[in-house]
Amino acid sequence: MYQLLINLYQSAPIILLSLFGMLVIFLLIINAIYFYFRYQKSMEKELLGDDYSSGGFLYDSTRLMMYGHYILFPKRAKKAGVYEFFKNIPFKVKTHLLIHWFGLIIGGICFFVPATITYFQ
Amino acid sequence: MDKISIPDEALFYISERTLPINAVIDFIYENPSQQTIDHFKNINLHLKNGQVKPGQMVIITPPDASYCHQWENVMMEAAAYTDQQLSQMSAAEKVNLARHYDLIQYSTEYVGAGYGLTATFYEQKKKHVERVLKEIERLYKNTLRTNNGKLATKSFFQQRQALFRKLDYAINGMLERRMFSRNVPISQLKNTMGISSKAIMHQWKHQPGATNLDGFKSNYKKLTTASKSFTRLGYLSIGLDIGYSAAAIHEACTVDNSADFCRLTTYSQTGRAAGSIAGGGFGGWATSYVTCNLVFGLESAGTSLLWCTIVASVAGGYAGSQLGSHIGQSSGEAIYEYSR
């Protein structure tokens, strides 16, 4: 395994980078599934009230990035009227959302830059 | 029968939540007489136990309009049919159908679902109304939160008045606000009847197959199928991806005797499926985040974004899975090559 990684690093670094990105995205999918079942439904019921309706994991998980955005950018959260809510959510919930936000950006870059390069080569 | 012959007053709405029938009657008819109450109950015989349930169709016609009788009968049959279909749906599917009735209708009305979604996409006016309604909701929530549960502040009233003006402007000429010769404030409709800004009232004459019950049944069947598929389409595509790779591996390992070819296919197809899933996930999340939230400036914390999220995440997910499957396959082949 170690030798394989060294070989890939020396001969095909772009592939190694994309594998790292892929791994990060898979961990994010696991994080999102856990978050969906453990926190998201109750959190959104509190946030949206009667407007809450679940569209299933694949649809609901598209909102995680924006929730992370609200935590990172208070101005945006204030504009959306959800600043107080996201300021007061438990630390664990915040952590999951921030992991998703940063992870998607890091994993996405690592995965998609090599993917785009090899696709158009 | 000509479509135009269906009266404007033949209305219905799809309930999003459980409500007592009496509350619905009181709201719709404003101090109704016994004759009006009897009329409502007669045309809504499908509503049992004094309650309206999520997804059920509530028929609304003027109590003394003989010209509506013919259509009341058609709508009653349609309502009975919808109840029959609802019994086969889960609670979440019923709510999804009720809440997104218009969107699902658009997307099933045309042969290509994409066309329907695009048509919805361009409903700028409707989007505007939804946004203003969200703003009003937020104003209430924020004021309650920041003023210890009190609403009566000068700033609140000023902001609310401004938003109501915006709302009036937005819905002007767009929605049927006059019902039985009286104005119905749209916010009141929304709050009292538990119907969303986009559901409101549906005129029977605008329903596909309105003049023919078979046509309605066929259309409604499509709606329920779409509502059921709503939460499952993504999983189906993931399943297809994995299935395709599994089939390719199976074929390579059974048809060809070469162990190397089997191993290479196993690596490359596993990489392809993994890349496709990771790419699809990333593409969907990133595109819906960037287009629906950042560029358009709409809030994710609401259901009004459904159309945008579907269009963006499906397009992004597809592009992502194409790129991902390509790099995934290359990665699988590279791993095979360097692990020999």
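Student: Where in chain A does A:I6 lie?

Tutor: Happy to walk you through it! This is a predicted model, in which local features need pLDDT of at least 70 and side-chain atom pairs pLDDT 80 or more, while totals for chains, interfaces and linings use all residues. Residues are numbered from 1 along each chain, chains are lettered from A and ligands numbered from 1 as written, and side-chain values use heavy atoms, without hydrogens or water.

A:I6 lies in helix α1 of chain A; helices are DSSP runs of H or I with at least four residues, strands are E runs of at least two, and both are numbered from the N terminus. With a relative accessible area of 27%, A:I6 is partly exposed, a class between buried (under 20%) and exposed (over 50%), found with a 1.4 Å probe on protein chains only. Ten residues along the chain from A:I6 comes A:L16, and the C-alpha atoms of the two are separated by 9.5 Å.

Now step back to chain A as a whole. Its secondary structure comes to seven helices and zero strands, so to read the chain from the N terminus you simply go from α to α, in the order α-α-α-α-α-α-α. Of the 121 residues of chain A, 54% count as buried.

Let us look closely at α2 of chain A, which covers residues 13-48. It has 36 residues, but its end C-alpha atoms are only 45 Å apart, short of the 52 Å that a straight helix would reach (1.5 Å times one less than the number of residues). There is also a kink of about 55° in α2(A), centred on A:Y36; the bend is the angle between axes fitted to the seven residues ending there and the seven starting there. After α2(A) comes A:G49, a residue with a positive phi near 60°.

The UniProt record, in an unreviewed entry, places a "transmembrane region" at residues 12-37 and another at 97-120 of chain A, though such annotations may be inferred rather than shown by experiment. In the model, residues 12-37 are 96% helix and 0% strand, and the end C-alpha atoms of that span lie 38 Å apart. Residues 97-120 of chain A are 100% helix and 0% strand, with the end C-alpha atoms 33 Å apart.

Next, the aromatic rings. Over all chains, the whole structure holds twelve aromatic pairs, meaning Phe, Tyr or six-membered Trp rings with centres within 6.5 Å, called stacked under 30 degrees between planes, edge-to-face over 60 and tilted for the rest. One of them joins A:F35 and A:Y39, a tilted pair with 5.7 Å centre to centre and 45° between the planes. Both residues of this pair sit in α2 of chain A, four residues apart, or about one turn of the helix. A:F35 and A:Y39 are both buried.

Over in chain B, B:Y267 and B:Y336 form a tilted pair too, at 6.0 Å centre to centre and 55° between the planes. This pair ties together parts that are 69 residues apart in sequence, because B:Y267 lies in helix α12 (residues 259-295) and B:Y336 in helix α13 (residues 306-338) of chain B. B:Y267 is partly exposed, at 28% relative accessible area, whereas B:Y336 is buried, at 5%.

B:T265 has its place in α12 and is buried, with a relative accessible area of 9%. B:A319 is found in α13 and is partly exposed, at 39%. The C-alpha atoms of B:A319 and B:G279 are 8.0 Å apart, while the two residues are 40 apart in sequence.

Back in chain A, ring pairs link A:Y67, A:Y70, A:F85 and A:F86 into a cluster. Some of these names return in the largest nonpolar core, which has 47 residues and in which A:Y67, A:Y70, A:F86 and A:L97 have the most contacts; such a core is a set of buried Ala, Val, Leu, Ile, Met, Phe, Trp, Tyr and Cys joined through side-chain atoms within 4.5 Å. The elements that give two or more residues to this core include α1, where we began, and α7 (91-120) of chain A, together with α12 and α13 of chain B. The most comes from α2(A), which gives 13 residues to the core.
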